[in-house]
Amino acid sequence: MVLAGLRPLMPRFSWSVPGSGGTAPLGQVFGSENLLRSALIGAGYLVISDLGLAFMGASLARYLIGFPVLYSLSWLSLVIAGNSTVSY
C-alpha cells in the first residue's frame, strides 16, 4: 500500500495495566479510532490479495472466509505482544 502512495495511519498496540506506569491503558487499543485504522488496513490488504488471487485463478470464496479469521488472530497477537508489563 505504501508503494502505491497510500500511507494509512497505523494503529497503536502498546498498552499497560493501570497503575504499572506504562504507556497507555488497554482501552485505547480497543478505541474506535484505533479499531477503524486496523479495519482500513485489513480492507486494503484484502483488496490487494483478492486481486492476486483472481489473477492466479484461486477460490475467492474460500479466501474471503479465511482472511478475516487470520487477520483477527494476528491483530490479537499484536495486542497481546504490546503489553508493556510482560518481560521476556
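Phe 67 is buried, at a relative accessible area of 15% (buried means under 20%, exposed over 50% and partly exposed in between, with a 1.4 Å probe and protein chains only). The model is a predicted one, in which local features need pLDDT of at least 70 and side-chain atom pairs count only at pLDDT 80 or more, while totals for chains, interfaces and linings use all residues. Residues are numbered from 1 along each chain as its sequence is written, and side-chain values use heavy atoms, with hydrogens and water left out.

Three aromatic pairs are found in the structure (ring centres of Phe, Tyr or the six-membered ring of Trp within 6.5 Å; planes under 30 degrees apart are stacked, over 60 edge-to-face, the rest tilted). One of them joins Phe 30 and Trp 75 edge-to-face, at 5.5 Å centre to centre and 65° between the planes. This pair links distant parts of the chain, 45 residues apart: Phe 30 lies in the loop between α1 (26–29) and α2, and Trp 75 in helix α3 (residues 60–81) (helices are DSSP runs of H or I, at least four residues, numbered from the N terminus). Phe 30 is partly exposed at 41%, whereas Trp 75 is buried at 13%. Phe 67 and Tyr 71 form a stacked pair, 5.8 Å centre to centre with 15° between the planes.

Ser 38 sits in helix α2 (residues 32–56) and is buried, at 4% relative accessibility.

Key: Helix = DSSP H or I, 4+ residues; strand = E, 2+ residues; numbered from the N terminus.
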